Amino acid sequence: MSASYQKRRLVNFIAFGLTGGCALLTLGVLFFILGYVTAHGFASLSWSFFTQLPKPVGDPGGGMANAIAGTLKLIFLAAWIGLPIGVLGGVYLAEFGGNAFGFFVRYAADVINGVPSIVMGIFAYAIVVLPMKRFSTLAGGVALGLMLIPIAVRSTEEFLKLVPRSIRESALALGIPRWKAILWIVIPAALRGLLTGVMLDLSRVSGETAPLLFTAFGNRFWSSGWLNPIASLPVMIFTYAVSPYADWHRQAWAAALVLLMLVLISNVGARLLMRKRIRAF
Amino acid sequence: MKKLLAVWLVGLLGAGYASADPLLMNGAGATFPYPIYSKWFDEYHKIHPEIQFNYQSIGSGGGIRQISSRTVDFGASDGPMTDQQLKDAPAPLMHFPTVLGGLVRPYHIEGGKTELRFTQKAIAGIFLGSVTRWNDPEIQKANADVKLPDAAIVVVHRSDGSGTSYCWTDFLSKISPQWAQKVGKGTSVNWPVGLGGKGNEGVAGLVEQTPDSIGYVELIYALQNKIAYGSLQNKAGRFVKCSLDSVSAAAAGAARRMPKDFRVSITDAPGESAYPASTFTWLLIYEKQADPAKGKAIVDFLHWMLTEGQGYTKGLGYAPLSPQVVAEEKAAMQRIQL
Amino acid sequence: MPFVSIEKPLLRGPALRRKGRGPFGIGDRLFKGLALFFAWMILAIAVMIAWQLWKNSALSRRAFGWSFLTGQIWDPVGERFGALPFIFGTLVSSAIALLVAAPMGIGVAVFLAELAPRRVSDACAFLIELLAAIPSVVYGLLGIFVLVPWMRVHLQPWLIRAFGFIPLFRGPAYGVGMLTAGMVLAIMVIPFITTLSREVFMSVPVSLKEAALALGATHWESVRLAVLPYARSGVIGSLFLALGRALGETMAVTMVIGNRPQIAASLLAPGYTMAAVLANEFTEATSDLYVHALIEIGLVLFCITILVNGLGRLILIKTR
């Protein structure tokens with residue numbers, strides 16, 4: 001073996017050793033965080049947590065049933081509002097967007113991503129709550145939906161661009177109209193990445209607190225319809241965590257754990273549903 | 001694809017149903033009284049299940065702004081509205097005091113739970129930054145029996161705007177002309193020194209963890225976290241420890257001079273046993289109620305709050321209103337038009 | 001790469017004119033129109049946000065003009081507002097976050113995509129995605145209870161002892177501070193970088209890697225020569241997303257940064273960011289000028305995001 005080959009093997013070893021070190025450190029921190037939240041949250045979980053409404057401090061029992069339902073409702077609405085804009089916008093950028101207009105749209109998406117969540121909340125407050133003169137689930141859904149857009153756009157575009165040109169060209173060569181080629185050939189080929197991007201997006205947004213403070217507001221009771229204030233897990237976590245009561249702190253940790261579990265279940269569920277469509281699984 | 005679409009549509013329709021609603025009243029405002037308000041609204045709901053009071057603590061300033069924008073039915077604030085704010089509101093707003101609370105200064109020094117006494121000059125100096133070490137003569141002379149360490153004081157204040165800060169800076173402005181001129185009072189101020197902690201919990205946490213630190217929090221936080229908080233010199237020159245009785249004593253001193261609209265500051269109140277850093281907290285309600293059903297619900301609740309409600313305060317660390325104030329409030333309630 | 005070449009029709013003559021068929025048929029036009037509509041919406045939303053920020057900061061802009069950007073005093077009572085300490089804090093904490101998170105995140109992504117066995121890689125990626133869902137507030141709590149004491153007792157004193165001769169590492173060890181905030185931000189943005197980069201690495205056609213290996217490259221060289229260049233656009237996209245999150249993060253930062261509006265040379269000193277001051281003071285802001293000043297901070301942050309993104313794109317184009 002020549003000397004330069006030895007050197008290259010050494011570089012190989014060191015480089016991968018470094019990445020291994022990064023992975024160890026990151027995964028270590030990750031497991032620590034997840035373990036911490038689980039340990040603190042698990043101790044406070046109980047059946048009443050999932051079925052009861054919040055109780056004032058000092059009263060035994062009490063749970064966050066309305067907040068769990070509220071988070072689900074809000075994410076559902078946000079997905080309805082934000083994902084079509086984000087995903088279809090990303091499709092446009094990937095398939096038709098090599099021009100100046102595409103440049104500005106990408107730029108705009110990144111800029112929206114940098115807007116602090118509280119500014120997004122203030123924006124939604126100004127365009128939904130003030131005209132309607134009420135806090136509502138709708139306003140919360142709008143605020144969260146807007147926050148979904150940048151990641152959806154970016155990840156959709158990037159993963160569509162990764163689909164090799166040969167796939168597109170062969171579809172067109174067979175006489176399939178372009179729109180069908182994109183919908184039925186290109187997008188399924190990128191589906192795994194698209195799904196990852198969308199799930200990451202939804203996960204991130206489900207933990208947002210600040211935008212909901214001025215839009216969905218919060219609700220001690222069950223919220224009906226779309227025009228009333230609604231409770232959500234992140235807001236409850238925030239409210240309880242900054243209180244002085246140990247009982248509420250425990251409930252805050254339990255809520256954090258439940259939020260994580262919701263995200264976990266939806267991630268797993270989505271992947272299982274898409275299993276048939278994704279070849280690489 | 002089609003399956004997804006179907007799921008979405010069904011979910012959208014299903015989640016949007018509205019059943020026969022109980023009357024929902026929304027309120028926003030101060031964080032300080034959140035525990036007692038949530039207790040009250042819960043108890044009231046048990047008596048009147050057809051009425052739901054939904055209170056969210058987004059901050060005193062938030063409460064003032066939301067009630068002024070009419071996005072909520074009532075507001076709550078730890079600091080009374082200024083004349084300018086009342087003028088800016090679309091219709092006349094009334095203030096109704098609900099409970100009393102006090103602010104304490106938790107601190108963290110070697111030897112843990114020693115009880116320190118703070119003169120007015122000492123406490124003002126600490127927060128102004130002119131008293132920088134724990135063994136400064138100003139602090140030491142009030143605590144002759146304690147050996148204070150020669151360490152730099154780390155001041156901790158609130159980073160977020162709050163009625164607690166308003167009360168504390170109001171107190172400092174009264175006892176120190178230098179503070180009043182240099183910094184002033186408000187929910188957020190330009191603090192001369194110190195770190196900012198988020199929320200009462202943030203300040204309590206920082207003080208607990210940082211050696212040689214001192215901060216200010218509401219009484220209940222210091223009690224729950226079992227942090228030492230010492231006593232403060234009041235207007236009469238005595239060192240008083242914060243307790244429900246001393247806070248009530250401060251309010252009693254003020255009740256004699258209570259203005260008609262209840263907007264009064266009771267910091268640095270006269271009286272032997274008055275605790276100097278005490279405050280009322282208020283509900284903000286429109287004098288002319290737009291919706292008769294909601295107006296009646298509010299008036300009924302106020303009535304309950306002033307009578308049975310006051311019985312729940314001590315258990316949660318708040319001082320109840322004095323009988324004179326309760327009587328004056330009941331009279332003022334007559335002015336609410338439905 | 002968008003394939004502009006396909007714009008030219010492959011079919012000509014009568015075949016093209018059949019409705020619904022061919023590259024310019026009704027279906028294509030509708031689809032392109034729909035996608036275009038949503039793309040326009042994104043632009044419109046960004047413009048609307050900018051307009052709202054501009055409109056609702058009018059009082060403050062008129063009162064302070066450019067001195068808002070250079071002033072260092074933030075006095076709500078005296079109604080004098082200067083945003084420089086916050087700008088400094090945001091830029092420094094985000095810079096620390098990216099400097100730490102980018103190599104770590106990409107390193108982990110490479111490891112998971114290239115070295116780890118498939119099952120392990122999938123499981124780890126899944127768990128890392130969960131990190132993205134943890135609410136900001138929980139990161140803040142973990143910061144206060146775990147990171148801050150560790151910083152105050154172990155890392156900060158060590159830094160002062162070992163590197164105290166550099167102004168970057170001087171000052172008392174509070175535990176909270178700029179460095180702590182940067183580290184919390186780094187932990188918060190790593191999931192974005194890692195998850196997306198890993199997916200991108202795994203989408204690289206196997207043929208490219210095999211070609212490199214067939215030519216005698218070591219495993220690392222095949223990554224460096226075949227995978228990384230192909231994935232460059234996607235990885236950098238994830239970095240932009242991470243940067244955006246770091247610039248706008250509020251809750252977690254405000255709990256560990258010390259919230260002191262000052263410009264200090266030391267990384268150990270407390271600081272304050274634009275997003276944090278907005279979150280802290282907005283709900284309690286009383287006077288109109290105060291509210292407008294806070295919204296002007298939002299506007300400044302918006303502009304900084306535009307500038308930083310623009311800079312990043314310039315670098316991208318220059319190094320192509």
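In the predicted model, the buried residues of helix α5(A) pack against α6 (137–161) and α10 (210–213) of chain A, together with α2, α10, α12 and α13 of chain C. The buried set in α5(A) consists of A:Ser117, A:Ile118, A:Val119, A:Met120, A:Gly121, A:Ile122, A:Phe123, A:Ala124, A:Tyr125, A:Val128 and A:Val129. Helix α5 of chain A covers residues 117–132, 16 residues in total, and spans 21 Å between its first and last C-alpha, close to the 22 Å expected at 1.5 Å a residue. Just after the helix, A:Lys133 adopts a positive phi of about 55°.

The contact between chains C and A involves 80 residues from chain C and 86 residues from chain A. On the side of chain C that touches chain A, at least two residues each are supplied by α2 (26–55), α5 (84–115), α6 (118–133), α7 (136–163), α8 (178–203), α10 (219–248), α12 (274–281) and α13 (288–318). The largest share, 16 residues, is contributed by α2(C). By class, this side of chain C comprises 56 nonpolar, 18 polar and six charged residues.

Chain A itself is divided into domain 1 (1–42) and domain 2 (49–280), and the centres of these two domains, taken over C-alpha atoms, are separated by 31 Å. Their contact takes five residues from domain 1 of chain A and five residues from domain 2 of chain A. The side contributed by domain 1 contains two nonpolar and three polar residues, with no charged residues.

Notes: Residues are numbered from 1 along each chain as its sequence is written. Chains are lettered from A and ligands numbered from 1 in the order in which they are written. This is a predicted model: local features need pLDDT of at least 70, side-chain atom pairs count only at pLDDT 80 or more; totals for chains, interfaces and linings use all residues. Two residues are in contact if their C-beta atoms, placed from the backbone, lie within 7 Å. Helices (H or I, at least four residues) and strands (E, at least two) are DSSP runs, numbered from the N terminus. Ala, Val, Leu, Ile, Met, Phe, Trp, Tyr, Cys and Pro count as nonpolar, Asp, Glu, Lys and Arg as charged, and the others, Gly among them, as polar. Domain bounds come from an automatic or database domain assignment. The expected span of a helix is 1.5 Å times one less than its number of residues. A residue is buried if 20 or more other C-beta atoms lie within 10 Å of its own, exposed if 12 or fewer, and partly exposed in between; C-beta atoms are placed from the backbone.
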